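I want to see who pairs with whom.

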Amino acid sequence: MTGNHRNKTITRRRAIAVTGGTVAAGGLAVAGYQSAFADDATATATADATASASATSTSTSSECMTLMTSVTEGPYYLDGALVRKDITEGKSGVPLTLRLTVVDATDGCTPVPGAAVEIWHCDAWGYYSGYTTANPGGSAPAESEDGSTADDATYLRGYQIANANGVVKFETIFPGWYTPRTCHIHVKVHTGGEKEDGTYEGGKVNYTGQFFFDDDIAQEIFTLEPYSQHTGSYTTLDNDMVYDGGGAAGGLLTLKAVKKADPSKGYRGFLTLGIDPDAENTGAGSGGGGEGGEGGTPPSGAPTGEPPTGSASPSASASS
């Protein structure tokens, strides 16, 4: 690992991330949780969260976020992802609903309506669209054997545009794993562009990062079908080359089981992303975990594969 891989220098201009439980000013972080899960919350839960926000705002400082450095976009990014809520394209796996809130860290953590949140991740066996001949490590069936009708250039990739509360929602599946990485989802936050021909064009990237999953939950998921068909050595958070051990501030999602007694029914994950809309991020940030790095090309020991010619096709079916 290079020395700057562990660089945790923080400035006000860096993008940041928190969960609803992190230090809040005026209850904003809790409000972000409420808006993200508004369609699921009961009146009682809303009242309790509001009361908690009020108590928090009187006992904490004016600092409304925990700072977080940007990290690498990794070797499997493709331009041209579609603007859509459901990115599964029929890929099988445990359902995952992501509810993310984008706020302006330089302006009192106010929502950033219109921000475009882009995510991409591997399927249940560790394959990325656009790189389906890559070897995910261990022993896994060929990507083509999963029986789905997914477009090999676009599945499990997509954008959503933040609403008036800064909230985006994605329907996807719990990611699998590949050597030498832990379970994760990649994310970029864009501002200043617009939806065009089914994708998002123009503007700039304000933040590049990754979301992570609790080891116990991930390892339980990986005992289920179709994940269990991929066998081998799974990398835990402590040994990951990118995760910095910072919990929510390091991108660790808060996960809620849809049905506690049955993990196959799926999870809801949430996090609040604070950005500086004036900043621009190249996607070449550093991680803070174990040896090595996940840069623009696959690191030694990681799966390898050639991306398709050009970007992901915007002609595939897109939904809002």
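Is Trp 177 buried or exposed? I find Trp 177 buried, at a relative accessible area of 3% (buried is under 20%, exposed over 50%, partly exposed in between, with a 1.4 Å probe and protein chains only).

Ground rules: I am on a predicted model, where local features need pLDDT of at least 70, side-chain atom pairs count only at pLDDT 80 or more, and totals for chains, interfaces and linings use all residues. Residues are numbered from 1 along each chain as its sequence is written, and side-chain values use heavy atoms, with hydrogens and water left out.

Next, ring pairs. I pair rings of Phe, Tyr and Trp (its six-membered ring) if the centres lie within 6.5 Å; planes under 30 degrees apart are stacked, over 60 edge-to-face, the rest tilted. That rule gives me 13 aromatic pairs.

I looked up Trp 177 with Tyr 234: the centres are 6.5 Å apart and the planes at 75°, so I log the pair as edge-to-face. Trp 177 is in the loop between strands S6 and S7, Tyr 234 in the loop between helix H3 and strand S9, so the pair ties together parts 57 residues apart in sequence. (Helices, H or I of at least four residues, and strands, E of at least two, are DSSP runs numbered from the N terminus.) Tyr 234 is buried too, at 13% relative accessibility.

Then I took Phe 212 and Tyr 243: centres 5.0 Å apart, planes at 55°, so this pair is tilted. Both residues are buried.

Last, I noted a cluster linked by ring pairs, with Trp 177, Tyr 234 and Phe 174 among its members.
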